[in-house]
Amino acid sequence: MVSKSIQKIEELSINAWPSYKIEIYDKWLLRFSHQYTYRTNCVEQIGASSLSLEEKIRYCQDVYKKYNTPCNFKISPIVNKDFDKMLADKGYLVKHETEVMSMSLEGYRPLPNLGEEFAPQGINSNLPMRVHYDNNVIINVEDTITDRWIGELFSLNHTTNPTHLRIVPSMFKAIPKTTIVTSIRDKDKMVASGLGILDRDDLGIYAIYIDPDYRRRHYASYICNNLITQGMRLGARYTYLQVVKGNAPAINLYESLGYNYHYSYWFRSKEFDIL
């Protein structure tokens, strides 16, 4: 039996990262975003099927073929293991294995800060605008995902595809939940980013990127600690994040913060001849 917490995190992650286009088909979500990420370009199961799996797979293949993209199915513990085998037998390959880590925030002790600067009451969701830490680290905090932050994030994660530059801002702005948007700046340049998404009492950690020239300064640790601190201030009791399998430095960082392995998911992917 699948843990209810796994089902919840899978639901939270769909809310946290909307696709550019989405179709509901017999309790399956067909997500499409011009291949920006696997998560926003895949089929996800949210309920039991009434149609035959063979029929549904063929339908999904036809849809993604019309988009001229591979057909990807997300495989997580909420998906029947026989379905994964069925796709393997059809030539679908495993892609982008990911580990989900989580922790309870009960008893969590945030990293002490040296001071917080607040805007006037009612602005910035009553979160601080800036948080000061040791080593002259200043975390900037906003409650809105701005065009400026998105543009600077594209520089950090090397997004250059013209289509992605056009559509992804609308995906960020479509996030329906409370956001905590953070950055570390060197003069006028963003050198580190982080995004917290609060859904009910769960805080998802996303978009942790560090400029290569600014690594080994513990910026990721400062940002994650700050996101958790602000999330707790807004009512978070649990937190989760997703990390690519085998990314040892990131996993070590998250374990040092208190996160533990929860479960894994991957994608079954197959390319088809373009129409």
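Modeller: His 218 counts as exposed, at 58% relative accessibility (exposed is over 50% relative accessible area, buried under 20% and partly exposed in between, with a 1.4 Å probe and protein chains only). This is a predicted model, in which local features need pLDDT of at least 70 and side-chain atom pairs count only at pLDDT 80 or more, while totals for chains, interfaces and linings use all residues. Residues are numbered from 1 along each chain as its sequence is written, and side-chain values use heavy atoms, with hydrogens and water left out.

His 218 sits in the loop between β11 and α6 (helices are DSSP runs of H or I with at least four residues, strands are runs of E with at least two, and both are numbered from the N terminus). Its phi is near 65°, a positive value in a residue other than glycine. Ala 207 also has a positive phi without being glycine, in this case near 55°. Ala 207, however, belongs to strand β11 and counts as buried, at 17% relative accessibility.

The largest pocket holds about 1400 Å³ of space, where a pocket is an open set of points on a 1 Å grid over the protein atoms alone at which a 1.4 Å probe fits, with protein on both sides within 12 Å along at least five of seven lines. Points are joined across faces, edges and corners, and the volume is the space filled by probe spheres set on them. The pocket is lined by 46 residues, and those closest to its centre are Ala 207, Ile 208, Tyr 209, Asn 247 and Tyr 254; a lining residue has an atom within 4 Å of a point. Strand β11 (residues 202–210) gives the largest share of this lining, six residues. By class, 29 of the lining residues are nonpolar, 13 polar and four charged (nonpolar covers Ala, Val, Leu, Ile, Met, Phe, Trp, Tyr, Cys and Pro; charged covers Asp, Glu, Lys and Arg; the others, Gly among them, are polar).

Tyr 254 takes us to helix α7 (residues 248–257), whose buried residues are Ala 250, Ile 251, Leu 253, Tyr 254 and Leu 257. These residues lie on the same side of α7, because they cover an arc of only 160° around the axis, the arc being that of the directions from the helix axis to the C-beta atoms. The face turned away from that buried side carries the exposed residues Pro 249 and Ser 256. The buried residues of α7 pack against β5, β11, α6 (219–233) and β12 (238–244). Just after the helix, Gly 258 has a positive phi of about 115°.

Strand β12 includes Tyr 238, which counts as partly exposed at 32% relative accessibility. Apart from neighbours within four places in sequence, Tyr 238 is in contact with Met 103, Ser 104, Leu 105, Asp 201, Asp 202 and Leu 203 (contact means heavy atoms within 4.5 Å).

For context, the second largest pocket has a volume of about 190 Å³. Its lining includes Asn 41, Asn 72, Lys 95 and Glu 271, and β5 (93–104) and β13 (260–270) each supply at least two of its residues. That lining divides into three nonpolar, six polar and three charged residues. Asn 41 lies in the loop between β2 (28–32) and β3 (43–45) and counts as buried, at 4% relative accessibility. The C-alpha atoms of Asn 41 and Asn 72 are 6.9 Å apart, although the two residues are 31 places apart along the chain.

Finally, a search of the whole structure finds zero disulfides, a disulfide being a pair of cysteine sulfur atoms within 2.5 Å.
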